[in-house]
Each structure stands twice: as C-alpha cells, then as structure tokens.
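Here is a short report for a first look at a structure. Please keep the sequence and the 3D view at hand while reading.

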Amino acid sequence: MEAVKENKDLKTQEYFVNMGPQHPSTHGVLRLMLGLDGEIITKVEPHIGYIHRSIEKMCEFDNYRQIVHLTDRMDYLSSHMNNEAVCLLIEDALEIEVSDRVKVIRTIFSELARLSSHQLWWAATGMDLGALTAFLYGFRDREMINDIFEETCGARLTMNYNIPGGVMFDLHPNFVQRVKDFIAHFKTKLPEYDELLTDNVIFRMRTEGIGVISKEDAISYGLSGPTARASGVECDLRKSHPYSAYDRVEFKEIILEDGDAFSRYKARLLEMWESMSIIEQLIDNIPEGDIEAPTKALIKLPKGEFYQRVETARGDFGVYVVSEGGKSPFRLKFRSPSFSNLFVLDHIAKGSKIADLVAMMATFDLVVPDIDR
Amino acid sequence: MDNEALKQQITSWEPAAELVEEGSQFLNVIVTPDQLSALAEKLRNEEAMDFDYMFCLTCVDYPEHFMMVYHLRSMKHKHEMVLKARIDDKENPTVDTLCNIWRTAEYHEREVYDLFGIKFNNHPDLRRILLDEDWKGYPLRKDYVDPVNMISY
C-alpha cells in the first residue's frame, strides 16, 4: 500500500468492481460495490435488499402466533433466539408467567443454537481465508447439535420450537444424555480449532491488525454482539437485561480490546466455552413443570408500545411493537444485528486490499436474510 | 439517571417536549421536527446524559401524523429512553437527519426513507436502500396498495 502511494509515476485511475451478489465470501445475496485504486479500496458501498420480503409489513396482517414463525426466516442460524424474542414480548405484555422448566429449556436451546451458529461461522471463516479443512471440522461438530434439535422438535434449522407461553413439545427422553455427550465431545474438539486456525501463522497474518474498529466507532455505528465486544463495548444483553434463565447462571462476558479481525474471531471462540459452561450448569437440574402456560387461542396485546431484546449469535435483536389492542400489531419493527454491523464496513475498509475485506466480512458473521428482512 | 431526573433535565432544555411514561417500558419524549436535532445533540453530548448508543430507529404511520422513534441508551450510565418526533405534515414529511450525531442513523434513515418516504434534511446520501430505485410508493405506509405482491385478508 505504501509503495504504491509513494511511487508518483504509477498513475492509476479509480474504477469500480462489483463483489457479489453471488460472491462466495458474502455468504448470500449481498453486493458490495468497491471503489478501487489499483488493489487499494477507496470505497465500499453495500447494496442490499435482494431478498427483502417485507416481513414487517406481513406482520401487520398476521396474528401474533403467526409472527413467531416468520422470525426464524431472518437470522436462520439464530432461529431459536429470534422466536424467543417475540414470545418473550407477548408474555411480557400479557403478564403470562412461564414455568421454570420452560425458562431453562429455552436457555439451553439458545446456547446450543449459539454454539451451532459459531461453529458454522468458524467453518466458513476458515474457508473464506483459504483453509478448507476448517469447513469440514466445523460441520462435523455442528451436525451433533442439529441432531439433538431434530430429536426434540423435528427440525434442524428453523425450529419454531417456542410458542407464546412455553415451548411446543417436551424434551425427548434422550435429550439430556445427548447434550452431555456433545459437550464432552466438543470440549476435546474446540482446542483442535485453536490448533488448526488460531495458531496458524498465515491465518494470524491475515487477521491481526486488519479492520480495526475503535470503541467509539463501535458504539456510534450501533454494533452489537461479539463484533462490538471485540472492540471493548459491554453490550451483552444476557448480562445487562437478563431474560429466561440467564440470571441464574454464571458466565463471563467476553470483552476484548483490540477491535481487529482477530479479536472478533477470538471473541466468538471464547464465547463457545462460555456457552458450554452455561449448558453444563443447567443440564443436570432441569426443573419439572408445565411446558406451556395457558394462553388464549387468539392473542390480543393491550394498547401500547413494547420492546424486547435478546442476544442472538450475531448481537442485539430487538422487536418493537406498537399495538392498538387488536390481534395484529399496528406496527412491528425488527432491529436486526447484521443490518447495523454491515455498514461499518465502508469506514474500516478504506485503504486496505480486497483480500483483507474478505477477512473483515468473515469476522462480522453476517447473515444476509437478517440484513434484508 | 432515573426517569424523574431525566424528565427534569429534558424539561429544562425543551419545555415544550411532551413526556409520556404510560404504555411503554421507557420514558418517551415527544418533540416537533424543528426541536429534534438540538435536543438530540444535547442528549448525546451532555456528560450527565451521554446517550451514545442508538439501538433502534424507526417510524410509525399513524392516521394523523408520522412518528419517528429513536431508542437510545447510554453505555456509561446504563439508562435508556425513547426520543420521538411527531411529523404532522402527511403530504411532505420532513425531519432533520441525526446521522451526524449517531453514525448508525444514516442507514436506518435510508431505510425509513425507502419504506415510509420521510425526507431527511442534510442527509449525505438519501437513496432507497432495500427496494429498487424505480419502485413506486412507500410500502410500510398504511395507505399503500400493491395488488400483485400483497394479499390482504
């Protein structure tokens, strides 16, 4: 970069290149228009909306039970947490008290979903940066979690397991044992992740000092999740606004200071250890109780405004509902973490090379339907 | 700062602001579009307030007016509030941009422009963001009709 700038004789002309909408490293239909000076990025302009389905408008015509099932089509890797956000909002508004059993089940499922999302992210990050083996390792371990989900609720990805007032089915008799087996297995495999990628010299050179986000920028751009916590922002909603059973478990909020791509990578790996610790604290004493509190068939929210946040694998997922007292919301807004996280890209990518942009994107862990909604 | 202290401070800055606590878990502060940016700047920059994190920005289309809704949080003091701007002009809704105060607002405001048709004064790059540039109408408005893509029941 310096060499090019210093050599005044090498005159270059600024030109534009489309990265995407079908580029493998964008993980979906996202187009980045890059302004380039040679290989140096002068501008990144994200063009989004290729899979915009106007879920918010659809929600204005659906009743509250139906809305729950639309949410897992946004961030499909955090589908359980997205469902949970709407369910918690409804329960809060109608003052429905869910049983301890439901709270614990939801927390265990959320953490399993977080683990599975981070595994997929780790696998894809390795692949983006040229380490294809990582992809196979990540998917091997993720399969075990998907099998656990499938056994209890019949689905592997978009689970629709939460309903207002509880969960749809009771746990499968094998659930506890299989989760324990998985934790025991993954505790031996997670150090392998470190050996394969974290300590790899090439990987370190491609991520350390790349795409640095300062703490002030992270806050001003509204970043959340591990992306913000790698820049030193304390924003874990499981700590600041505990929901379900997060107030009865002990875990560390992962805060790193450097804010570069490697910190974001490291933050997610450390979070996986914390997730396993949360599951271990809960799995042995899942309380007995009802899996569903009684609710009316047609749910009507009282007049007013409601806001509910949950911490998904990507960050702060918020649901804002304006109710006029009817069976559908008057207005519903989903605040999705990936939308806010994406737009810091232009700010941090200026002056770096295209290959580094891939490293930055990979450590943002973007899910495109979550951006487009 | 608790809600009472927030109320007192905001009233001293902007006596005309409407303060509502009922029907919401946050303190709601409703102002007119021309009071908005001055109040927002104070909320962001005053040491005791320090609302540095905007976690949600959206708009609601009521029959008589548009309401811009800004959810704010202070990372330092841990207090939260909702700032609202009531736009009475339904024909030509306009409000000042807040993206010079919170950078995240730039893209959320583009989304509101795209789906509600609110114009933001001084916005650096006000274009549609989710829909095509030649899209007709603003889908999240209540009077929007699209016989092809929308099924109403």
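## A hairpin in chain A

Begin with the hairpin of β6(A) and β7(A), which has four residues between the strands. There, Gly315(A) takes a positive phi near 145°. Strands, like helices, are DSSP runs numbered from the N terminus: E, at least two residues, for a strand, and H or I, at least four residues, for a helix.

The model is predicted: local features need pLDDT of at least 70, side-chain atom pairs count only at pLDDT 80 or more, and totals for chains, interfaces and linings use all residues. Residues are numbered from 1 along each chain as its sequence is written, while chains are lettered from A and ligands numbered from 1 in the order in which they are written.

## The sheet around the hairpin

Two strands pair if DSSP finds at least two bridges between them. Across this pairing, Glu305(A) has Val322(A) in β7(A) as its bridge partner. Val322(A) also has a bridge partner in β8(A), namely Arg331(A). β7(A), residues 316–323, and β8(A) run antiparallel too, with five bridges. Here Gly318(A) stands opposite Arg335(A).

Together these strands form an open sheet of three, in the order β6-β7-β8 of chain A, with antiparallel pairing. Its edge strands are β6 (304–311) and β8 (331–335) of chain A, each pairing on one side only. From one strand to the next, the twist averages 10°. Helix α4 of chain A, residues 79–94, packs on the sheet and touches β6 and β7 of chain A. Its direction makes about 145° with that of β6(A). Such angles run from 0 to 180 degrees between N-to-C directions, with axes fitted as lines to C-alpha atoms, for helices over the stretch in contact.

## Enclosed and open strands

Is β7(A) enclosed or open? Eight of its eight residues are buried, so β7(A) is largely enclosed by the rest of the structure. A residue is buried if 20 or more other C-beta atoms, placed from the backbone, lie within 10 Å of its own; 12 or fewer makes it exposed, and in between it is partly exposed. In a regular strand the side chains alternate between the two faces of the sheet. Both faces of β7(A) are covered. One side has Asp316(A), Gly318(A), Tyr320(A) and Val322(A), the other Phe317(A), Val319(A), Val321(A) and Ser323(A), all buried.

Strand β1(A), residues 15–19, has five residues and zero of them buried, so it lies largely in the open. β1(A) pairs with β2(A), residues 31–37, in the antiparallel sense over five bridges. Tyr15(A) stands opposite Leu36(A) in β2(A).

## Chain B

Chain B has three helices and seven strands. Along the sequence, the pattern is α-β-β-α-β-β-β-β-α-β. Its radius of gyration, taken over C-alpha atoms, is 16 Å. Buried residues make up 37% of the 153.

## Where the chains meet

In contact are 23 residues of chain B and 27 residues of chain A. Contact means that the C-beta atoms, placed from the backbone, lie within 7 Å. On the chain B side, the largest share, six residues, comes from strand β3(B), residues 53–61.

How values were computed
Two residues are in contact if their C-beta atoms, placed from the backbone, lie within 7 Å. The radius of gyration is taken over C-alpha atoms; the globule rule is 2.2 Å times the number of residues to the power 0.38.
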